[in-house]
Amino acid sequence: MRTRGKTTIRAAALALAVGTMGMATLRSVEAAQARKTPAKTPKKVAGFARDVKAVLDAKCVACHNAASPAAGLNLAKYKTEAQALADLGTMEKAMGRIVAGEMPPGGLPTAQRTAFQAWTQDALNAQCRLADPGRVTLRRLNRAEYNNTVADLLGTKTRPADDFPGDDVGNGFDNMGDVLSVSPLLMEKLLDSAEKLAREAVVVPRLFTRRYAGSDFSGAGSDREGGLYLPTSGVASKEIRLPTAGDYRLRVKARGELAGPEAPKLEVRVDDAVVANFVVEDRKLREFEAGVKIPAGAHRIGVQFTNDYYVAATKEDRNLFVESVELTGPTGAIAYPETHRRIVPFEPAKGQEEATARKFIAAFAARAFRRPATPQDLDRLMPVWQAGFKGGSFDEGMQLAVQACLSSPRFLFRLEQDPPGTGAKVRALDGYELASRLSYFLWSTMPDAELLDLAAKGKLVQPAVLRAQAKRMIADPRAAALADNFAAQWLGLRKLAIVEPDPKQYPVSPALRKDMGTETERFFLAILQNGRPITDFIDADYSYVNERLAQHYGIEGVTGNEFRRVKVPADRGGVLSQASVLTVTSNPTRTSPTKRGKWVLENIFGTPPPPPPPGVSDIPSEAHQLEATTLRQLMEQHRKNPACSVCHQKMDPIGFGMENFDPIGRWRTKEGKFDVDASGALPGGVSFRGPTQLKKIILGQKDLFAHALAEKMLTYALGRGVDFKDKCALDAAVVATKGGGYRLDSLVLAVVTSDPFLKRKGNGK
Amino acid sequence: MNPIDRRTFLRGMGAMMALPTLERMMPGVALAASAPKNPVRMAFLFVPNGINMSQWTPAAEGALVGALPSTLQPLEGVRSSLNVLTGLAQHNAFALGDGPGDHARSTACWLTGVHARKTNGSDIQNGPSVDQVAAMRMGNQTRFASLEIGCERSGLAGDCDSGYSCAYSSNVSWKSATQPVAKETNPRLVFERLFGNGDAAEQGESLARRRLLKQSILDFVSEDAGRLKASLGGRDVRKLDEYFTAVREIETRLEKFESAQAARAAAGVAAPRGIPQDYAEHIRLMGDMMILAFQADLTRVCTFMFANDGSNRSYVQAGVPEGHHDMSHHGGDPAKLEKKARIDRFHVEQLAYVLNRMKSIKEGDGTMLDNTMLLYGAGISDGNRHNHDDLPLLMAGGAGGRLKGGRHMTFEPNTPLTNLFLSMLDTMGVPAETLGDSTGKLKGVF
């Protein structure tokens with residue numbers, strides 16, 4: 001089991017980034033890549049006893065042994081090379097820590113470290129040439145995917161999954177097959193949602209008659225004799241829900257109390273629209289009638305008294321009494337909405353119902369299941385249709401069949417079924433499986449007609465077609481889903497919804513909070529769709545803001561709510577200076593250089609530091625008041641503890657470089673009464689001052705960044721954790737990205753054409 | 001989205017409570033026939049990041065006399081129904097070689113007594129929790145086997161705690177080793193789940209036909225899932241099993257459909273509008289939902305997480321603008337300890353609201369509180385040390401006359417908390433021999 005330190009290049013190059021190693025490391029990694037040739041079995045790697053076992057024995061096993069495995073790691077069990085090769089994931093993890101200088105305490109001499117690394121790298125390269133694309137566990141549609149899928153499938157505007165319980169997150173993303181479970185609570189909601197969606201999509205005309213007593217209305221006026229008494233002008237309303245859209249008869253029973261030049265006027269509204277006007281001239285109850293057109297769903301019916309009249313001196317008083325409001329309908333022909341016609345193109349002739357239903361259901365199921373329904377699927381769906389048809393109608397049967405499809409595991413899960421006889425062999429995905437992988441990766445929704453059509457014709461599996469489709473999908477507006485779901489999780493933006501900056505010192509309105517996330521997502525999308533390199537994430541001279549955010553940044557000349565591209569000042573630019581990232585990495589009352597540094601190590605370099613040992617105390621709480629000392633001084637104090645310094649000397653300086661940004665991302669030159677000191681010194685003696693110089697240093701490590709991003713993206717695209725077996729695929733993706741001028745779209749193309757994306761290993765059955 | 005919501009809602013509750021008992025309001029309802037007159041309920045209320053123990057633990061053992069410790073003072077009104085339990089531990093929440101990650105590990109362990117497998121991706125592995133053990137045994141007596149609620153959704157990004165999946169830090173309730181039970185955080189949705197949203201009635205359909213149609217769907221999906229399962233392998237099967245089990249549970253629930261409808265008709269309570277912005281209101285409204293579910297006997301088992309562990313929420317309303325997690329790592333700093341105590345007390349004030357509401361609801365000769373056993377506490381003792389012995393725990397209620405109150409009970413250090421759970425299961429009438437790391441039943445509480 002692997003928790004971090006997944007790929008070796010990162011760890012090696014990070015050490016480089018922070019100056020603990022020489023250029024030799026990265027070169028050796030590249031050399032290893034270049035040497036890559038297909039091989040059938042893992043190559044015997046030389047030097048295990050000398051370069052690995054000796055180090056483990058001398059430096060590691062005192063703490064990491066079977067009796068008390070520190071951090072859950074037992075390194076005493078690798079006595080032979082075969083044992084080590086059988087558990088390369090652990091060896092890789094150990095190497096990551098050693099190379100990063102975090103282990104063993106006190107470090108290893110360079111020669112030993114390099115030798116340990118060389119052995120592990122070679123072993124890993126040999127291993128991953130076996131080309132195991134892994135097995136992705138059955139993935140349930142997550143909330144975002146469910147919402148998008150039902151919108152595309154049915155044309156609904158509702159977002160049912162907003163009310164589902166949260167999806168659990170694994171490997172940093174909420175689309176991991178292993179982690180997405182189905183609890184009874186969720187199942188209940190899925191079944192309810194299937195019913196609601198089916199009722200919305202397929203219209204079954206039902207006669208609706210309801211009489212609402214005046215006293216059911218709330219708002220203006222008061223209850224009287226079961227009715228609504230309106231002594232002054234005002235509106236009272238009642239919520240209703242109509243099963244079917246159409247023309248309805250509206251009947252209102254009312255009487256007036258007359259005074260002044262005109263009779264009481266009654267206005268009836270549906271939602272905000274006035275649908276009828278009545279003049280109530282009678283002192284006795286009378287029925288007023290009108291025809292109204294109302295769409296299906298929830299509405300608010302309002303009755304309004306519009307012309308109150310009262311003269312205190314003469315006690316002349318005009319009032320209105322509404323006894324009841326009645327709705328009956330729909331009257332006349334049903335206007336079937338387009339969404340209904342998608343599923344039920346026409347009503348069949350008598351005697352043709354069953355055959356027609358089978359045809360319609362087959363067409364719908366093919367889209368819902370994202371591949372053609374088999375005759376067996378249809379055999380099981382037909383009894384459902386029958387249940388609705390008997391004692392109901394053709395449409396009711398169709399409605400029920402749609403409900404069944406939306407409740408089926410074939411809809412709710414993304415199936416990749418190995419054909420019988422696959423055994424443990426690797427197989428290429430078929431066109432339909434590939435279509436779903438592509439569409440859920442790039443769009444977070446079901447494949448569109450073009451993808452399904454290419455899958456049906458067997459063309460999608462052709463490399464040229466696949467690339468062309470991926471390019472088409474990147475250019476499509478639906479690619480915004482990759483920003484919403486991939487980028488927002490990669491960069492930790494979803495935490496914007498839960499961070500709570502101190503409202504007194506650092507007020508952030510809900511709208512501004514949303515804008516912060518929008519900026520970064522728009523920025524991501526621009527890099528993707530405009531063919532920009534991934535280095536723009538680190539530094540760029542443009543970004544996307546609206547008026548609110550521009551004010552927050554102090555950028556002038558932007559008005560309105562719309563986001564637009566702007567040129568940003570030199571000290572802004574890139575995600576490290578965007579309010580979203582700066583806010584999610586701060587504490588409520590102060591910045592956290594440590595969290596910001598950790599964020600960079602995690603998300604830019606892909607080398608998260610290990611968590612602090614238990615029981616280590618944080619810096620004192622009054623630090624934010626900065627009365628006697630600066631935060632920096634307190635942190636420097638804190639770092640004197642060697643248990644802390646090994647990691648903090650990497651994290652904190654990076655964070656210090658961002659100290660000109662306050663906890664909600666505004667520029668500052670003072671913190672309390674002190675001048676901001678945005679200088680930092682990285683281990684190995686590289687010094688810098690301010691965010692611009694820091695970004696330059698980070699830009700020097702763009703291969704490291706490319707690798708980290710590739711790993712995140714592959715994880716998200718596959719819906720499973722990436723491990724050492726995927727190393728070759730990742731390395732290849734990075735090489736392809738470099739070849740494409742570091743463009744983000746080249747990385748996306750490299751991911752969708754990688755083996756783990758195109759293939760899967762059989763289940764052994 | 002304002003405090004009015006809950007007050008409006010409570011006016012409805014008030015009307016309901018004015019009547020002597022629910023039974024009287026619902027003559028002839030099926031549940032009255034099958035249910036014991038005043039069933040015993042169990043509830044587990046969880047707070048994150050440990051407690052400032054110096055303001056929590058009463059000085060003397062035995063009867064709770066004199067002033068309560070400052071954090072517990074809001075509970076003065078229910079003192080006689082209160083037991084402070086000191087000395088219980090969740091040994092399996094400790095690292096035991098797995099390194100950091102106490103927030104997630106202790107949450108997963110809190111009601112299971114199991115050492116969760118350290119993973120942030122595949123292969124989550126924990127154990128069944130005490131509430132689910134009870135729910136599985138007695139859940140068939142009510143419409144919902146159990147109710148899981150909270151105020152924070154599951155984790156939003158990244159691994160939640162040092163290599164542990166968010167599934168661990170956001171769920172105390174576990175149906176099986178691999179299946180956490182998701183919680184509902186929106187009071188409106190809890191209400192609709194308990195009582196329906198009125199669609200069916202509005203559309204005037206016959207209940208019998210609705211049931212028939214619903215059954216045809218369930219038949220289809222069970223068969224569909226069964227056939228699929230046969231063709232899949234490895235971990236895919238586990239996913240379909242989850243689906244299968246969930247469908248089964250809903251099928252049995254369908255049979256109790258009418259009683260819930262009746263309860264809704266009787267309740268006449270307006271549905272809450274949504275999640276209140278004020279956190280105290282949110283906790284109280286969720287508490288109201290739990291009480292309502294107990295009152296209508298829709299369930300007898302509930303878990304309620306005030307927040308997920310590791311939460312860094314700011315408590316401005318309690319005078320603590322800093323983050324909770326940051327304050328829990330107090331490092332002995334008196335200012336931070338004081339702030340932590342303020343947060344603890346804020347939570348206890350909300351607990352006091354819940355307990356007082358239960359006490360105000362008459363049931364037979366006593367109150368709902370007399371017929372409930374409610375465990376309140378955390379999976380971490382000191383938020384700075386992250387220790388899981390000497391856990392802060394409170395047991396409130398009378399458990400149907402089987403639980404005395406007004407006591408501060410101390411146990412041998414490191415007594416498994418799971419021993420208490422076994423005794424609670426006994427009291428519920430669903431005895432079990434073991435749970436997690438239990439070594440026997442806990443003597444002296446009941």
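Predicted model: local features only at pLDDT ≥ 70, side-chain atom pairs only at ≥ 80, totals over all residues.
Let's take the interface. How many residues of chain B are in contact with chain A? It's 87 residues of chain B, and they touch 94 residues of chain A. The area buried between the two chains is about 7300 Å², and carbon and sulfur atoms give 53% of that.

Now the charged and polar side of it. The rule finds 10 salt bridges across the interface of chain B and chain A. It also finds 15 residue pairs in polar contact across that interface, with both residues at pLDDT 80 or more. Which element gives the most to the side of chain B that touches chain A? That's helix α9 of chain B, residues 207-231, which puts in 17 residues.

Two of the pairs across the interface, if you want to click on them. One is Glu500(A) with Arg313(B), whose side chains meet in a salt bridge at 3.7 Å, N to O. The other brings back our opening residue: Asp163(A) and Arg188(B) form a salt bridge at 3.6 Å, N to O. That pair runs from the loop between α7 and α8 of chain A, where Asp163(A) sits, over to helix α7 of chain B, residues 187-195, which holds Arg188(B).

Okay, salt bridges in general. Over all chains, the rule counts 74 of them. Let me pick two inside chain A. In the first, the side chains of Arg140(A) and Asp167(A) meet at 3.1 Å, N to O.

Lys727(A) forms a salt bridge with Asp731(A), and their closest N and O atoms are 2.9 Å apart. Why about one helical turn between them? Because Lys727(A) and Asp731(A) are four residues apart in helix α26 of chain A, residues 727-739. Lys727(A) counts as buried at 3% relative accessibility, and Asp731(A) does as well, at 2%.

There's also a network to look at. Salt bridges that share partners join Arg135(A), Glu416(A), Asp418(A), Arg427(A), Glu433(A), Arg437(A), Arg760(A) and Asp236(B). Next, chain B by itself. Its secondary structure comes to 15 helices and 14 strands. Of its 446 residues, 65% count as buried. Looking at contacts in chain B between residues at least 6 apart in sequence, 74% join residues at least 24 apart. Chain B exposes about 14500 Å², with carbon and sulfur atoms supplying 53% of that.

Last bit, backbone geometry. Most residues other than glycine have a negative phi, and most peptide bonds are trans. Here are some exceptions. Gly329(A) and Pro330(A) are joined by a cis peptide bond, with omega at about -5°. Pro330(A) lies in strand β13 of chain A, residues 316-331.

Then there are two asparagines with positive phi. Asn171(A) has a phi of about 50°. You'll find Asn171(A) in the loop between α7 and α8 of chain A, and it counts as buried at 12% relative accessibility. Over in chain B, Asn49(B) has a phi of about 65°. Where is Asn49(B) found? In the loop between β1 (41-46) and β2 (62-63) of chain B. Asn49(B) has 0% relative accessibility, so it counts as buried.

That's what I had. Over to you.

Methods:
Residues numbered from 1 in each chain as written. Chains lettered and ligands numbered in written order. Heavy atoms only, no water. Contact = heavy atoms within 4.5 Å. Buried area = accessible area lost by both parts, 1.4 Å probe. Salt bridge = Lys/Arg side-chain N within 4 Å of Asp/Glu carboxyl O. Polar contact = N/O pair within 3.5 Å; in protein donor to acceptor, adjacent residues only side chain to side chain. Buried < 20%, exposed > 50% of the residue type's maximum accessible area, 1.4 Å probe, protein only. Areas by Shrake-Rupley, 256 points an atom, 1.4 Å probe, with all protein chains shown as cover.
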